[in-house]
Amino acid sequence: MKNIFKTIILVFGILLFNSCEDELDQLPNDSVSPDTFYNNIGEFESAIRGVYSGFLSGNYYGGQFLALPDILTDNVIIAQEGRLSNRLFFEWRHAPNLAYSFMYAPYVVTNRANLILSNIDNLPAGQERSNIEAEARAARALALFDLVRVFSEIPTQSAGASQTLGMPIITSTDPTIQVLRPTVETSYDFIISELEAVKATINADNGTGRFNKNAVNGLLSRAYLYNGEYLNAITAANAVTTTVATSANFPAVWTDSSEDGVIFKVDQDRILDGVSIGTSWSQSNAGAIVPEYVLSFELANLYASTDVRKSSGAYTQIQADASGNLYNSITKMFGENGQNNGTVDAKVIRAAEVQLNKAEAHAMLGQFTEALTALDMVRMNRYSGFISPSETGAALLDAIKLERRLELFAEGHRLFDLKRWNQGVVRSATDGDFFDGTGTPVPSTFTSLPAGSHLFQFPIPQTEINAFPEFQQNPGY
């Protein structure tokens, strides 16, 4: 972990110094030490904003985290006219020396949260202190949850997954700390216990871009679902009061003109304006697009003509590049209202996901009536003239999985859903990158990633192993 924390962490204008092996003799004029900070609620409010800004750093919610879980799967196909960015991930060639450099940013969030928690006693007891503490612990739990999703197996993935390698639980502010990997079970126990501990003390409303009661319970519904604790997932989902975005408001959610159905998002306008999370998919150029990845022909055909996600253009449109080639382009992260620069807020938890978590948990328990009701809460707000097919049994579970794929596309879910269902990736060997399935298809070498492949877990970057040789690499690398 030394390599991760061997850095100076910027929190707005305040440099919170985590001492490195080489001692700094003095602080810059525009900096303060943690020893002279954290003395009043205003300083703690500044520090908690710094925690949220960490989610937009590096390759986290401000970078590839929302894109790679789709790029590695059957949801998208690489566009040959683009820059061929992230191709090594699309072709499953990731390795310790060609790794997703994801460990840094979540541990920055963790360290900033730990600095708050280690100084929380400087605030007088009361709701302000309880709320700040709850936000810091929730953010730290989300950071660890995302780390174990990327680098570790998911408990439902296999019979022995819970005893495989999780990710370190860091509660210290010591930048030289070196912690070996615990089990997945230990990591999930910490995540869930932290969220359970703060759901009663966090404010019901902390404003846009901050954790609140609904966000904590929504995240708990996800964590319990991943952990195979279906009754608890349902209980957490039932505690969420945010409703699914209506069909009328839904398109505006993706241009940041509406927050309908959004439980927690990382608000780049309030934190670090100009983070272009949509450029992983495409860029605009003189009225045309420069596509990086586009919907696979198969996925594009799964969106019905009555589906607002397609009919409104909120998720996808047929668009041309400068050569006139037409693609099923990804417009979900295209930009704010009137923009096409890819700069939008990262939606982390939405009410639609919570309902789908609930539907799946009910279905796994054989409670098909309740599962259908939760599923239809999403479907009735996505399809015009919707009449429930009233599925049951295996057909209902398939419908829930399909709706997750359609609803949560390009939000960082598909790879992790396939992992936890222990399903492989199957891509078409004949469909190309153009809107009608013509164009360049995926090479046959990269059309099938079998369930249980070690490639579902990203490798620990070799730079981290070099800094801490005892740190355990994932099997298969």
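# Briefing: fold, core and salt bridges

R379 counts as buried, at 5% relative accessibility; buried means under 20% relative accessible area, exposed over 50%, and partly exposed in between (1.4 Å probe, protein chains only). The model is predicted: local features need pLDDT of at least 70, side-chain atom pairs count only at pLDDT 80 or more, and totals for chains, interfaces and linings use all residues. Residues are numbered from 1 along each chain as its sequence is written, and side-chain values use heavy atoms, with hydrogens and water left out.

**Overall fold**

- The protein chain holds 18 helices and twelve strands. These are DSSP runs, numbered from the N terminus (helices: H or I, at least four residues; strands: E, at least two).
- Along the principal axes, the C-alpha atoms fill a box of roughly 65 × 50 × 45 Å.
- Of the 477 residues, 58% count as buried.
- Contact means heavy atoms within 4.5 Å. Among contacts between residues at least 6 apart in sequence, 69% join residues at least 24 apart.

**Nonpolar core**

- The largest nonpolar core has 142 residues. Such a core is a set of buried Ala, Val, Leu, Ile, Met, Phe, Trp, Tyr and Cys residues joined through side-chain atoms within 4.5 Å.
- Helix α6 (residues 127-151) supplies the largest share of this core, 14 residues.
- Y61, I116, M167 and F211 have the most contacts inside the core.
- Beyond its neighbours within four places in sequence, M167 touches residues that include M103, Y107, L144, L147, V148, F151, I460 and F471. The partners of M167 also include S152, R181, P182 and S187.

**Surface**

- The accessible surface of the protein chain is about 17,600 Å², and 50% of it belongs to carbon and sulfur atoms. Areas come from the Shrake-Rupley method with a 1.4 Å probe; for residues, only the protein chains shown count as cover.
- I318, L326 and F435 make a nonpolar surface patch of about 240 Å². Patches are made of residues with over 30% relative accessible area and no salt bridge; like charges are joined within 9 Å, nonpolar side chains (Val, Leu, Ile, Met, Phe, Trp, Tyr) within 5 Å.
- L326 belongs to strand β9 (residues 326-330). L326 is partly exposed, at 34% relative accessible area.

**Salt bridges**

- The whole structure has 30 salt bridges. Each is a side-chain nitrogen of Lys or Arg within 4 Å of a carboxyl oxygen of Asp or Glu.
- R379 pairs with D376, with the closest N and O atoms 2.8 Å apart. Both sit in helix α15 (residues 368-379), three residues and about one helical turn apart. D376 is buried too, at 12% relative accessible area.
- R149 bridges to D146, with 2.9 Å between the closest N and O atoms. Both lie in helix α6, three residues apart, about one turn of the helix. R149 is buried at 2% relative accessible area, and D146 is buried at 0%.
- R420 and E360 meet through their side chains at 2.7 Å, N to O. R420 lies in helix α17 (residues 414-420) and E360 in helix α14 (residues 351-364), so the pair ties together parts that are 60 residues apart in sequence. R420 and E360 are both buried.
- A network of salt bridges links D307, R309, K332, R350, R382, E403, E407 and E411.
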